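Please open the model in your viewer and keep the selection tool at hand. The stops below say what to select next and what is to be found there.

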Amino acid sequence: MDALCRAEPRPRRPPAAASSSSSSSSSPLPWARFSAWLDCVCVVTFDLELGQAMELVYPQDFRLTEKEKTSICYLSFPDSYSGGLGDTQFSFRLRQSGGQRTTPYEDDGEYNREAPLTLQRESAHYFGYVYFRQVKDNSMKRGYFQKSLVLVSRLPYVNLFQSLLQLIAPEYFEKLEPCLEAVCNEIDQWPPPVPGQTLNLPVMGVVIQVRIPSRVDKPESSPVKQFNQENLLPAPLVLPSIHELDLFRCFQPVLIHIQMLWELMLLGEPVVVMAPSPTVSSEMVLALTSCLAPLRYCCDYRPYFTIHDSEFKEYTTRTQAPPNIVVGVTNPFFIKTLQHWPHILRVGELRMSGDLPKQVKVKKLAKLRTLDTKPGIYTSYKTFLHKDKTLIKRLLKGIQRKRPSEVQSALLRRHLLELTQSFIIPLEHYIASLMPLQRAITPWKNPPQIRPFRQEDFMKTLEHAGPQLTCVLKGDWLGLYRRFFKSPNFDGWYRQRHKEMTQKLEALHLEAICDADIVAWMKDKSEVEIVDLVLKLREKLVRARCQHLPVKEETLQRVGLYIETIIGSLPEDLQTVLHHH
């Protein structure tokens, strides 16, 4: 293939500098700004002898392991037997192999501290955003042109990257590599994604305008209203959200079972989505994992998975229970190999019609035998909570009134948000009560410990402060909490909250030290005790800066001055030792 031969390494481009409007964010490293958004761009083609083959990785010096390249090749082509022609877009997520690697973009974790938990930059997985084209071409040996353009990123910005592909992929398939190089150079001029900021991202003569969500955003605030048009010419392509899918379209065949699906996600149950195409599979999996927001879905998920995946054996083995994962598949072969999984959602093509789409039925797993298995939820799961009939009625009314899909999606998202909040607020109240009182924090003792989380004590609080205060749904809430405590989602939530509370305690302790009379404390102390205090304060200062504790800069400066004051009170020989330490 001549294209394979042409993809020769090109010298690394010098860093972007003065051409950007924001010189403060310019970086000395080549591709630093590019890597704030993307790790690399791949082109996967079909080679008669090799099958799917990696034609190009850009920037050329980005190193993917052979295992990652093989996975990306297989995940970038549809795996199902549908021979449809045209363009297809879908997403995948794969495990990084080969250990941690450095990136030209360095933000010391600032993005993850400020971004919502559901939009964190991944450390151990890549997202792949695919634009696949299959068209008849008599000049090719097989009679078809088959190629995928893939954006590889650690950011879960499905809307942004799929919109970007719609702009660049058709152009790339016409003009090939020079076009791709130009686009990558443009992305290398973009400002980095900063939570809370609205950004203008120019590419191929279009300005994409996006707002990066922040952890302090109010849930369900309308991001579109926060945009500043700045009289841009041409008018920007405004994306209302960088990541939110059209939930109503994704969930249309399962709307009456939304309660069950929310519970399965909350409990981290193993779920297989069997779909006719990678597009339907990846959208359904991403919609399912997003329905817990603002709670982070802490289990693994694969929006699109093939029989060639390195984890295939791990997921299909019958010698152990299926893992806590949502996996999207299209190959009918999986009906046989994943029969032992407890929850299988089989869906058809998503079509928006004027009526409520045909709702799938809940069926027994035993019926999942043949390749022509009908759509349905194959499970023996019994929900803890009753269905919300008012939600279905409101959505039905919306269909009758021809309400736009985005309005229906907003209704659905609001319902799921309120459901999650009703469930999580009692947990938040209880965990907050485990924090020591501020008056128990004294400057010269280690801060008191956070009290342990006792499940039975929490259960006792539910009678007076349970979800029934904010949610009309009836059912076995206690049973749902008991199952939740065994799930990876509870473990992830608890670890995150405990870490935040520990950091808050550290911050309060530093403030207590700043408010103390240090000179009075030193009066009756030995040199050993004073030196010990210096070392402990220094350690606290280093930890506060490294962990970015929620402490004001002036507090840290005052602790630094305290250290100098204490050292100044010691004999000169000790002063010299401590200054060198």
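Begin by colouring the chain by pLDDT, the predictor's confidence in each residue, from 0 to 100: the mean is lowest in helix H1 (residues 2-6), at 36, and highest in helix H8 (residues 258-266), at 97. Helices (H or I, at least four residues) and strands (E, at least two) are DSSP runs, numbered from the N terminus. This is a predicted model, in which local features need pLDDT of at least 70 and side-chain atom pairs count only at pLDDT 80 or more, while totals for chains, interfaces and linings use all residues. Residues are numbered from 1 along each chain as its sequence is written, and side-chain values use heavy atoms, with hydrogens and water left out. The chain has an average pLDDT of 86, and 89% of its residues score at least 70.

Next, select Phe-423 and Tyr-481, which form a stacked aromatic pair with 4.2 Å between the centres and 15° between the planes. Rings of Phe, Tyr and Trp (its six-membered ring) pair if their centres lie within 6.5 Å; planes under 30 degrees apart count as stacked, over 60 as edge-to-face and the rest as tilted. Because Phe-423 lies in helix H13 (residues 405-432) and Tyr-481 in helix H15 (residues 477-484), the pair ties together parts that are 58 residues apart in sequence. Phe-423 counts as buried, at 1% relative accessibility, and Tyr-481 is buried too, at 0%; buried means under 20% relative accessible area, exposed over 50%, and partly exposed in between (1.4 Å probe, protein chains only).

Now select Arg-93 and Tyr-301, where the charged end of the arginine sits over the ring, 4.2 Å from its centre. A charge sits over a ring if NZ of Lys or CZ of Arg is within 6 Å of the ring centre and within 35 degrees of the ring normal.

What remains is a look at the backbone. Most residues other than glycine have a negative phi, and most peptide bonds are trans. Select Tyr-58 and Pro-59, which are joined by a cis peptide bond with omega near -5°; Pro-59 lies in the loop between strand E2 (51-58) and helix H3 (66-75). Finally, move to Lys-402, in the loop between helix H12 (389-400) and H13. Lys-402 is not a glycine, yet has a positive phi of about 55°, and this residue is exposed, with a relative accessible area of 70%.
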